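The structure is shown first, and the notes follow by topic.

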Amino acid sequence: MLSAKSITRLINEGSMEWEGWLRGDGLLLTLGSSLQPLVAQRSLVIDLADQSSIDSLYGEPVTRWETYELQPGHMLLGLVERPLRLGPEIVGVIGGLSHLARVGLAVHVTSPFVLPCWNGHLTLELVNTGPATLRLHHGMPLARLILFALNGPHGSETAPHPFYGREADLKSRYADEFPSARSGGVL
């Protein structure tokens with residue numbers, strides 16, 4: 001795990017870019033201005049092999065807001081406020097803040113890994129698992145990114161991802177990325 005001193009050195013050397021806060025030995029991830037609510041009816045079936053079906057899951061993006069009320073059982077995609085660039089020798093792991101978990105807010109419900117050469121905005125998947133509506137505030141801390149040095153050479157399979165990290169579109173692009181999943185082909 002990289003220390004705050006090592007992270008600061010990497011930023012100063014240009015091996016990574018981060019203009020946000022450090023918290024202990026990690027990057028503090030705060031909630032940015034782009035939100036993508038999921039609004040489909042619970043009875044709707046989403047075909048994960050059909051991108052238009054996936055797209056029907058989402059409501060209108062929310063870009064101008066100070067507070068947002070996340071209802072129990074609902075999910076929201078939230079852009080991290082500051083962009084991040086990792087060099088080929090750095091990998092990150094996202095972890096939620098336990099204070100938020102204790103009120104029912106899950107802040108990252110997928111793979112915690114940020115691969116080498118990431119460049120752009122991270123997206124957090126916010127789920128209210130608690131019994132009460134939670135009021136989110138623009139710029140509030142949500143998670144930490146812990147950084148590690150990559151052991152060994154960087155492989156081409158971790159090249160910049162064609163869909164993620166872009167500020168404009170937070171939605172899933174699963175069917176676009178894995179079109180052979182429709183036919184049962186090899187991925």
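**Burial, cores and a pocket**

Ser53 counts as buried because its relative accessibility is 12%, where the cut-off for buried is under 20%. The model is a predicted one.

**Ser53**
- Ser53 is part of helix 2, which spans residues 51–55.
- Not counting residues up to four places away in sequence, Ser53 touches Val45, Ile46 and Asp47.

**His138**
- His138 sits in the loop between strand 12 (134–137) and strand 13 (141–149).
- With a relative accessibility of 28%, His138 counts as partly exposed.
- Leaving aside neighbours within four places in sequence, the contacts of His138 are Leu31, Gly32, Ser33, Trp65, Glu66 and Glu81.
- A polar atom of the His138 side chain lies 3.4 Å from the backbone nitrogen of Ser33.
- Arg64 is 74 residues from His138 along the chain, and their C-alpha atoms are separated by 9.5 Å.

**Nonpolar cores**
- The largest nonpolar core has 33 residues, and Met16, Leu84 and Leu126 have the most contacts inside it.
- Beyond its neighbours within four places in sequence, Leu84 is in contact with residues including Met16, Trp18, Leu27, Val114, Trp118, Leu122 and Leu145.
- A second, separate core has 7 residues, among them Ile54, Leu77, Leu79 and Leu170.

**Second largest pocket**
- The volume of the second largest pocket is about 290 Å³.
- Its lining has 7 nonpolar, 3 polar and 1 charged residues.
- Among the residues that line the second largest pocket are Leu38, Arg42, Ile46, Leu57, His74 and Met75.

Key. Residues numbered from 1 in each chain as written. Predicted model: local features only at pLDDT ≥ 70, side-chain atom pairs only at ≥ 80, totals over all residues. Heavy atoms only, no water. 1 Å grid on protein atoms, 1.4 Å probe; cavity = no way out; pocket = protein on both sides within 12 Å on 5 of 7 lines; lining within 4 Å. Points joined across faces, edges and corners; volume = space filled by probe spheres on them. Nonpolar A, V, L, I, M, F, W, Y, C, P; charged D, E, K, R; others polar. Core = buried A, V, L, I, M, F, W, Y, C linked by side-chain atoms within 4.5 Å. Buried < 20%, exposed > 50% of the residue type's maximum accessible area, 1.4 Å probe, protein only. Contact = heavy atoms within 4.5 Å. Helix = DSSP H or I, 4+ residues; strand = E, 2+ residues; numbered from the N terminus. Polar contact = N/O pair within 3.5 Å; in protein donor to acceptor, adjacent residues only side chain to side chain.
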